[in-house]
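Reader: I am new to this structure and would be grateful for a close look at a single part of it. Please take the pairing of charged side chains as the subject, and then place it in its wider setting.

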Amino acid sequence: MAIWENHDLVYADKPAGKGWNGMVVLRDGQKPFGWIAADNLLRGRPLEPGRKELLGLYGLIASNLILPKRYGEELERRIAEKTAELRLSEEHYRELYAGMSRDNELKERLFTILAHDLRGPVGSVKGLVDMICDQPEQFGPESLQQMMPEIRRSLGQTYGLLENLLDWIRSQLQGIEVLRKRIELGQAINTACELFTRNREEKDIRLELTVQQGLSVVSDERMLGTILRNLVSNAVKYSPAGSAIRISAATDPTGEWVIIEVADQGAGVEPGLAATLFTSNMGRGKPGTGNEKGNGLGLMFSSQLAARIGGRIELATTTGKGSTFRLILPDELDGELVPLD
């Protein structure tokens, strides 16, 4: 604590004489942060020793009162900042953890599909081929002709599953580029249906197509084909023998959307399963009416692809009366895709 006496008095930047005053510098360690001045003009003589000590003590008390308040405000500000940072970090890590948990769950289901759904049909085909190769004399043309449909069916299931798996894995690892072009929907739907002609015939399922004449849409051809393939495959898989599948495509009343409906006459989807059908159902699919494998990957992946091309998939189902999957796509307007609400 320093006390200065008999300093020059200045008024309006001009000397006004000398004053008997005392000045106390307030310090934070070695750093000054303020002053206390006590003029002694009336008495006109130096401060008495006791008064100097009182002035110094006052300065010390003032410093001790000011510093905690100053640092307290600064400390509160820093605590508030750190608390906000920690809260953001906590939310960030919580999101990361949730994402890792979802990724781990998807990986487990993916391995389940690879281990079960792929090994099954591939193992069946391998067993048949091994029998033919090891004992060719026991398999004449008629026997081979009877075995070929089963081999073809197993290979078809495996190939479709592999396509979905590879496309889905590629979309998760590096994303899929959207390449838009104008697509004639009647041709696209026919192409998807032709892939499952034999499957329908084996179950005696009728196919009824109603596609608006000349209807087209601007979209990604491969993504749209994958979605249609999965919707048709799903309808065939869960339709009972002797039933019908109805597929229609038309614009909505506003002209802004194209709606493709795939309706079956199967058992419908239970309410609990319908809620997760497009999000977290991979590895939990139900067997079809012909005991076809169901893995839940197709609809989940189709829903993701629909979102990528600006559309969505909706489900209308009644237990025991069938299901209708509705693919809603934006139509072209002035060269741009109409944004999805």
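**Salt bridges and their surroundings**

Author: In this predicted model, Arg206 and Glu208 form a salt bridge in which the closest N and O atoms are 4.0 Å apart. The cut-off for such a pair is a side-chain nitrogen of Lys or Arg within 4 Å of a carboxyl oxygen of Asp or Glu. Side chains of opposite charge can pair when their charged atoms come close. Arg206 has a relative accessibility of 42% and counts as partly exposed. Glu208 is likewise partly exposed, with a relative accessible area of 30%.

A second salt bridge joins Arg326 to Glu314, with 3.8 Å between the closest N and O atoms. Arg326 belongs to strand S12 (residues 322–330) and Glu314 to strand S11 (residues 312–318), so this pair ties together parts that are twelve residues apart in sequence. Arg326 counts as partly exposed at 21% relative accessibility; buried would require a value under 20%. Glu314 is also partly exposed, at 30% relative accessibility. Both residues take part in a network of salt bridges that links Glu261, Arg312, Glu314 and Arg326.

A further pair is found within a helix. Lys126 forms a salt bridge with Asp130, and their closest N and O atoms are 2.9 Å apart. The two residues are four positions apart in helix H1 (residues 49–134), which means that about one helical turn separates Lys126 from Asp130. Lys126 is exposed, with a relative accessible area of 52%, whereas Asp130 counts as partly exposed at 31% relative accessibility. By the rule applied here, the count of salt bridges comes to seven.

The chain contains seven helices and 14 strands. It has 341 residues, of which 34% count as buried. Among contacts in the chain with a separation of 6 or more, 66% are between residues 24 or more positions apart.

The buried residues are Leu297, Gly298, Leu299, Met300, Phe301, Ser302, Ser303, Leu305 and Ala306. After H7 comes Gly310, which has a positive phi, near 85°.

The crossing of H5 and H7 is left-handed. On the H5 side, the contact is made by Met223, Thr226, Ile227, Asn230, Leu231 and Asn234. On the H7 side, Gly298, Leu299, Phe301, Ser302, Leu305, Ala306 and Arg308 take part. The residues of this contact divide into seven nonpolar, five polar and one charged. Several of the H7 residues in the contact are also buried, including Leu299, Phe301 and Leu305.

Notes: Residues are numbered from 1 along each chain as its sequence is written. This is a predicted model: local features need pLDDT of at least 70, side-chain atom pairs count only at pLDDT 80 or more; totals for chains, interfaces and linings use all residues. Side-chain values use heavy atoms; hydrogens and water are left out. Buried means under 20% relative accessible area, exposed over 50%, partly exposed in between (1.4 Å probe, protein chains only). A crossing is left-handed if the near helix is turned anticlockwise from the far one by less than a right angle, and right-handed if clockwise. Contact means heavy atoms within 4.5 Å. Ala, Val, Leu, Ile, Met, Phe, Trp, Tyr, Cys and Pro count as nonpolar, Asp, Glu, Lys and Arg as charged, and the others, Gly among them, as polar.
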